[in-house]
Amino acid sequence: MTDFAPSDLAQPAHTQPPAANLPLKGIRVVEFSHMVMGPACGMVLADLGAEVIKVEPVTGDLTRNLLGAGAGFFPMFNRNKKSIAIDLRNAEGVQAAIRLASTADVVLQNFKPGVMKKYGLDYASLSRLNPGLIYVNHTGFLPGPYERRTALDEVVQMMGGLAYMTGRPGDPLRAGTSVNDIMGGMFGAIGAMAALMQRAQTGKGQEIDSALFENNVFLVGQHMMQYAVTGQPAAPMPERISSWGLYDIFSVKDGEQIFLAVVSDPQWRTFCSAMGFEDMLHDPALQTNNDRVRARSTMLPELRQRLAQYSAAELAKIFEAYQLPYAPIARPEQLFDDPHLLATGGLADVVLSDGERAGQTAKTTLLPIRMAGQRLPVRSNPPKAGEHTRELLASLGYTAEDIAALAQAGAVAGA
């Protein structure tokens, strides 16, 4: 193998600048992660222009082959990344991983406590080679009594009050997407970007921790504060005391459903006029929002009866015309045909890398922001396992003979 010394690694190497004008252009991120939380962090940084290198096992990230609810994990959270496949159980593979990680501006990982230290890939070890390194741990819990527990999104939703708030009383229910994993990755990315700004001033890197449980507690913080302010525990969402008189799902003509809302007194007057409900408009018991909240037990059954004669499309047309809040009840697969997403470029094509549909094109969702009037694009498809192994090893100074020897020894794959 080609020898290298820590001094060779003092400055991060960047082999492929991302697209022009993206804010993280020139930043290298090395990602040791799987599932959702770590990959979500890497995706955010990649979409913002960083060169993100995903380190996978030689057999490929297990997330590539999940079934059911996990089938979308890899293609959703791994666009705009490169892939290098390394066997960390192989001593030469570990050295290649250390060499790669030491060239990074940011290393991120989401393995159990102690795993990265076992391989010399923890912050303490890598920062000796690169003092400017920013290192992001994605964990179940911040350091404390729970830190050794095995956490999943479902686990922290149950213990952190979110499942209680989402389900019916006595029937806790996890939220319908990986909210803590995704947001935990987002907070990891926020921490990484803040640390990059600080490093520009101090020249020093730092270690960052982002945790599922603490993210979940942040999400339910509004309900905790509700209790602190009112002295009354927050009821689960299906049984909550609404802050608004009209803020509900209505079953209407032909079995359809639609969400309708009126969240101010001017909106109430508009609603009553638009629907021809003059009696409600002038009813002394319904004049203010708080009046309507107190009258919900009688007002809502009356409204449900009156609105049942309309179709969801008819109500949507009225609410749209009068700029009142409403929403159809959509399923995720219907969003592929959503006219707003199609018109605004909210969906982009990716070529799938794995599974029965490998090589086929699918639509994916972009980050929900615009920068300089533009959505952040898909610049490269989710990579095949080890797709960039040879390219990346060569950029680290490995010769063709070195790379062939590593592949022969099973230390790397894709080369």
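## Charges over rings

A charge is taken to sit over a ring if NZ of Lys or CZ of Arg is within 6 Å of the ring centre and within 35 degrees of the ring normal. In this predicted model, the charged end of Arg99 meets that rule over the ring of Tyr398, at 4.5 Å from the ring centre. The ring of Tyr146 likewise carries the charged end of Arg149, 4.1 Å from its centre.

The model is predicted, with local features needing pLDDT of at least 70 and side-chain atom pairs counting only at pLDDT 80 or more, while totals for chains, interfaces and linings use all residues. Residues are numbered from 1 along each chain as its sequence is written, and side-chain values use heavy atoms, with hydrogens and water left out.

## The seven-stranded sheet

Helices (H or I, at least four residues) and strands (E, at least two) are DSSP runs numbered from the N terminus, and two strands pair if DSSP finds at least two bridges between them. On this basis, 7 strands form an open sheet with mixed pairing, in the order S6-S5-S4-S1-S2-S3-S14.

Helix H3 (residues 91-101) lies across S1, S2, S3 (81-86) and S4 (106-109), at about 145° to S1. Such angles run from 0 to 180 degrees between N-to-C directions, and the axes are lines fitted to C-alpha atoms, for helices over the stretch in contact.

## The three-stranded sheet

A further open sheet has 3 strands in the order S7-S8-S9, with antiparallel pairing. Here the edge strands are S7 and S9 (326-328), each pairing on one side only. Neighbouring strands are turned by 15° against each other on average, direction ignored. Helix H14 (residues 296-307) touches S7 and S8, its direction making about 40° with that of S7. Helix H15 touches S8 and S9, and its direction makes about 25° with that of S8.

S7 and S8 run antiparallel and are joined by 6 bridges. In S7, Leu246, Asp248 and Phe250 form the covered face, and Tyr247, Ile249 and Ser251 the uncovered one.

## Aromatic pairs

Rings of Phe, Tyr and Trp (its six-membered ring) pair if their centres lie within 6.5 Å; planes under 30 degrees apart count as stacked, over 60 as edge-to-face and the rest as tilted. By this rule there are 9 aromatic pairs. Tyr247 and Phe259 form an edge-to-face pair, because their ring centres are 5.2 Å apart and their planes lie at 85°. Tyr247 belongs to S7 (residues 246-251) and Phe259 to S8 (residues 257-262), so this pair ties together parts that are 12 residues apart in sequence. Relative accessible area, with a 1.4 Å probe and protein chains only, defines buried as under 20%, exposed as over 50% and partly exposed as in between. Tyr247, at 29% relative accessibility, therefore counts as partly exposed, and Phe259, at 21%, also counts as partly exposed.

Phe271 and Phe319 form another edge-to-face pair, 5.9 Å from centre to centre with 65° between the planes. Phe271 lies in helix H11 (residues 265-275) and Phe319 in helix H15 (residues 312-321), and the pair links these distant parts of the chain, 48 residues apart. Phe271 and Phe319 are both buried. They belong to one aromatic cluster together with Trp268 and Phe277.

## The surroundings of Ser353

Ser353 is placed in the loop between S10 (347-351) and S11 (361-365). Its relative accessibility is 15%, so Ser353 counts as buried. Leaving aside residues up to four places away in sequence, Ser353 touches Arg64, Phe74, Ala358, Pro382, Pro383 and Lys384.

A polar contact is a pair of N or O atoms within 3.5 Å; within protein, one must be able to donate a hydrogen and the other to accept it, and residues adjacent in sequence count only if both atoms are side-chain atoms. The side chain of Ser353 makes such a contact with the side chain of Arg64 at 3.3 Å. Another polar contact, of 2.6 Å, joins the side chains of Ser353 and Asp354.

Methods. Contact = heavy atoms within 4.5 Å.
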